[in-house]
Amino acid sequence: MAEYSIWSVLRHGLTGNKGWKPTWRKPDPKPSYDAIIVGGGGHGLATAFYLAKEHKIRNVAVLERGWLGQGNIGRNTTIVRSNYLLDENAQFYEWSLKLWEGLSHALNYNVMFSQRGVLNLANNPAQLDQFAERGNAMRLNGIDAELLMPDAIAKLCPGLDLSQNARFPVVGGLLQPRAGTARHDAVAWGFAHAADRLGVDIIENCEVVGFVKEGERITGVETTRGRIAAPKIGVAVAGMTSEVMRRAGITKLPIESHVLQAFVTEPLKPLINCVVTFGAGHMYVSQSDKGGLVFGGSLDGYNSYAQRGNLPIVHEVATELLACFPNAGKVRLLRSWGGIMDMSMDGSPIIAKGPLPGLYLNSGWCYGGFKATPGSGWCFAHTIAHDEPHALNAAFTLERFHEGRHIDEAGTGATPRLH
Amino acid sequence: MLIPCPVCGPRDHEEFAYGGDATVARPTIAEQSATAWATFVYDRTNPKGAHQEHWHHVHGCRQWMVVSRDTETHAVTGARLIGAWAEPETEPGDD
Ligand SMILES: Cc1cc2nc3c(=O)[nH]c(=O)nc-3n(C[C@H](O)[C@H](O)[C@H](O)COP(=O)(O)OP(=O)(O)OC[C@H]3O[C@@H](n4cnc5c(N)ncnc54)[C@H](O)[C@@H]3O)c2cc1C
Ligand SMILES: [Zn+2]
């Protein structure tokens, strides 16, 4: 019988739910491993899982400075989609979406992946033309996309303000039906659960404070729980990338850390049944299974390592929510928080070997790293196991910036806060 | 965040546009090394802590300035004008 199944839920339910065991062990670090992953966020845990599952590398440790889920994996607005224009991104994110579709089964852990659709609203005709182009590019890449006119949008999302006297009237939209949301904490716990069962040591409260070098080669890490050796060390620390890589002697990277805020309202009866994004500004909203409206918008827009932002963005994002759903005007905001984003110079990620021998880098996730979690772990594990990238992440190099091979989806150039 | 504009006094950061890391130096136009230009455009130290950064008081006096701000606490500790209206930099031993 699988550890988590309808039968185990029934059995534990009938015995007072007293028999559940912690879902991952709390081992002490061993002196050495075949591979170490720095950072126990979604990407680090997924990497360890796929190293163990796909590449049979099981003598692996994930080192997390705090507890699992304290970083961006537990702070995002949970949107999963693959509606990209450029081939490199489209194919990578589509593979990630395919992994999402089987993830709860692969992990034997319910990540509550819900393919409720992502609807991008167009608020002027030029934007609708652009969405038509994007939809066609997606379909050429084998990805589902539908261009919708306001009457179809009204059926799909009844609460939305579609009146033509709105300040920014909706002229149409692009729907990706297979996109949706997932429960973010369960993604961290699920990957931890499944990796642990394959023998991976997940070590919390273990900060990497330095790297052990033999010449140029990285051969281990110094941590708050002692020195640990490994021939292969993958770094997946999201917003902390620059600070952690500095400890390995890499002083400059094409990355800036910025704060992104998110908001949740008090719970409501079902109002929004897909993910909606506002086209005249930058706002995305969905309704959680508990009923809260979960929404966010742009970065605060300045370099930041503080997991909290400022009021102008609160005002701006709330205004945009009301432009779409005026009926949410009296709903109270319950909570807001921030996370530190690893904004890359072209808005696309880095999943690569290097920049030093023995080291592997996973970073540059910008707003989009939650949906990438399984795909990123899968590609990073391949890169670490084979010492070369998979075709899906071959373009996501660190060198591409100096080589002029940017993957700039938004076309905004080397200004990280605009991606 | 309040930014102490040397012209207008303390003003909300919403009145300003952010211009990024002020320690990144633009190569001179004579520079011919592609690496030097790529480093200028793409590579950042991205420190946690003290940061020197450009802000433009677009909804105020429209001056550019270098602001000292801590990226971990958001505490702003100073601002000085740059460009045509900047105070001349005093070299040590000038006076
Ligand atoms: C508010 C917000 C909303 C978002 N919304 C979405 C969304 O809707 N859709 C989407 O696709 N993406 C979204 N994202 C982006 C996504 O959450 C991130 O890109 C992704 O979670 C980053 O990867 P991660 O999970 O590995 O990061 P994290 O969970 O941040 O993991 C990094 C880990 O590294 C650890 N670490 C740091 N330094 C050290 C050290 N020295 N030693 C050991 N461990 C260390 C940290 O403690 C942390 O746990 C959002 C992000 C935020 C902040
Ligand atoms: Zn001013």
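This is a predicted model: local features need pLDDT of at least 70, side-chain atom pairs count only at pLDDT 80 or more; totals for chains, interfaces and linings use all residues.

A: Cys5(B) has a relative accessibility of 3%. The cut-off for buried is under 20%, so Cys5(B) counts as buried. Cys8(B) is partly exposed, because its relative accessible area is 33%, between the limits of 20% and 50%. Does a sulfur pair count as a disulfide, or how many are there in all chains? The count over all chains is 0 disulfides.

Now turn to ligand 1. There are 38 residues around ligand 1. The nearest of them are Glu64(A), Gln70(A), Thr77(A), Tyr367(A) and Lys371(A). What classes make up this shell around ligand 1? It has 18 nonpolar, 14 polar and 6 charged residues.

Next, see where the shell comes from. Four elements of chain A each supply at least two residues: helix 2 (42-55), strand 13 (255-265), strand 17 (333-344) and helix 10 (369-386). Domain 1 (25-109 + 184-253 + 346-418) and domain 2 (118-178 + 256-344) each give at least three residues to the shell.

The backbone also reaches ligand 1. A backbone N or O atom of His43(A) lies 3.1 Å from an oxygen atom of ligand 1. For Gly369(A), a backbone N or O atom is likewise 3.1 Å from an oxygen atom of the ligand. Phe370(A) faces another kind of atom: a polar backbone atom of Phe370(A) is 3.0 Å from a nitrogen atom of ligand 1. How much of ligand 1 does the protein cover? On its own, ligand 1 has 1,000 Å² of accessible area, and the protein covers 97% of that.

Lys56(A) counts as exposed, because its relative accessibility is 57% and the cut-off is over 50%.

Asn108(A) also has a positive phi, about 50°, and is not a glycine. Asn108(A) lies in the loop between helix 4 (103-107) and strand 4 (118-122). With a relative accessible area of 25%, Asn108(A) is partly exposed.

Finally, look at Pro355(A). A cis peptide bond joins Gly354(A) to Pro355(A), with omega about 5°. Pro355(A) is placed in the loop between strand 18 (350-353) and strand 19 (359-363).

Technical notes. Residues are numbered from 1 along each chain as its sequence is written. Chains are lettered from A and ligands numbered from 1 in the order in which they are written. Side-chain values use heavy atoms; hydrogens and water are left out. A residue is near a molecule or strand if one of its heavy atoms lies within 4 Å of it. A polar contact is a pair of N or O atoms within 3.5 Å; within protein, one must be able to donate a hydrogen and the other to accept it, and residues adjacent in sequence count only if both atoms are side-chain atoms. Accessible areas come from the Shrake-Rupley method with a 1.4 Å probe; for residues, only the protein chains shown count as cover. Ala, Val, Leu, Ile, Met, Phe, Trp, Tyr, Cys and Pro count as nonpolar, Asp, Glu, Lys and Arg as charged, and the others, Gly among them, as polar. Domain bounds come from an automatic or database domain assignment. A disulfide is a pair of cysteine sulfur atoms within 2.5 Å. Buried means under 20% relative accessible area, exposed over 50%, partly exposed in between (1.4 Å probe, protein chains only).
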